[in-house]
Amino acid sequence: GTGERYIPFWQEQIKKLHESVSAKVDNFAEQIRLETNKQRVEELNEIVKQAREILDSVAFDGSWGVHNFKYTEAMLLQANELVD
């Protein structure tokens, strides 16, 4: 019975964090358009790429944190830090 209570909670928390970080990454990517320094644009695009790879790996897993909640949360927080 414990899993029945915790699994939906974990998944909801991870999905909310994923949505939040995804929106932040999208916003970050939009801001890159304002940058005029070509080298800086390349650096910033690499950050976006790394963050999106993390987001994709969480989404593609499909468990939304059930397999390893703490690791999944840490990955999403890492993506968040990349765009901070």
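A salt bridge here is a side-chain nitrogen of Lys or Arg within 4 Å of a carboxyl oxygen of Asp or Glu. Keep that cut-off in hand for the stops below.

This is a predicted model, in which local features need pLDDT of at least 70, side-chain atom pairs count only at pLDDT 80 or more, and totals for chains, interfaces and linings use all residues. Residues are numbered from 1 along each chain as its sequence is written, and side-chain values use heavy atoms, with hydrogens and water left out.

**Stop 1: Asp84 and Lys24**

Select Asp84 and Lys24. They form a salt bridge, with the closest N and O atoms 2.3 Å apart. Asp84 sits in the segment after H3 and Lys24 in helix H1, so the pair ties together parts that are 60 residues apart in sequence. Helices are DSSP runs of H or I, at least four residues long, and strands are runs of E, at least two; both are numbered from the N terminus.

Now colour by accessibility. Buried means under 20% relative accessible area, exposed means over 50%, and partly exposed lies in between (1.4 Å probe, protein chains only). Asp84 is exposed at 64%. Lys24 is partly exposed at 30%.

**Stop 2: H1 against H3**

Select residues 2–32 for H1. The H1 and H3 axes are 9 Å apart, and the packing angle is about 15 degrees. Axes are lines fitted to C-alpha atoms, for helices over the stretch in contact, and angles run from 0 to 180 degrees between N-to-C directions. Under 35 degrees counts as roughly parallel, over 145 as roughly antiparallel, 65 to 115 as roughly perpendicular, and the rest as oblique. H1 and H3 are therefore roughly parallel.

Their crossing is left-handed. That term applies if the near helix is turned anticlockwise from the far one by less than a right angle; clockwise makes it right-handed.

Show side chains next. Contact means heavy atoms within 4.5 Å. From H1, the residues that meet H3 include Trp10, Leu17, Lys24 and Phe28. From H3, the partners include Phe69, Glu73, Leu77 and Asn80. The H1–H3 contact residues divide into 11 nonpolar, four polar and two charged. Ala, Val, Leu, Ile, Met, Phe, Trp, Tyr, Cys and Pro count as nonpolar, Asp, Glu, Lys and Arg as charged, and the others, Gly among them, as polar.

**Stop 3: H2 against H3**

The crossing of H2 with H3 is left-handed. On the H2 side, the contact includes Gln50, Ile54 and Ser57. On the H3 side, Met75, Gln78 and Leu82 are among the residues. The tally for this contact is 10 nonpolar, four polar and no charged.

**Stop 4: H1 against H2**

The axes of H1 and H2 come within 10 Å and cross at roughly 160 degrees. This pair is therefore roughly antiparallel. H1 passes H2 in a left-handed crossing. Ser22, Asp26 and Ile32 are among the H1 residues in the contact. Val41, Leu44 and Ala59 are among those of H2. The contact residues of H1 with H2 divide into 14 nonpolar, three polar and two charged.

**Stop 5: Ala29**

Pick Ala29 in helix H1. Which residues does Ala29 contact, leaving aside its neighbours within four places in sequence? Val48 and Arg52. Ala29 counts as partly exposed at 23%. Draw a distance to Gly1: 28 residues along the sequence, the C-alpha atoms are 43 Å apart.

**Stop 6**

The structure holds seven salt bridges. Select Lys16 and Glu12, whose side chains meet in one of them at 3.1 Å, N to O. Both lie in H1, four residues apart, about one turn of the helix. Lys16 is partly exposed at 47%, and Glu12 is partly exposed at 40%.

Move to Glu30 and Arg33. Their salt bridge spans 3.8 Å, N to O. Glu30 is partly exposed at 43%, whereas Arg33 is exposed at 68%.

**Stop 7: Trp64**

Finish in the loop between H2 and H3, at Trp64. Trp64 has a positive phi of about 50 degrees although it is not a glycine. Buried or exposed? Trp64 is buried, with a relative accessible area of 18%.
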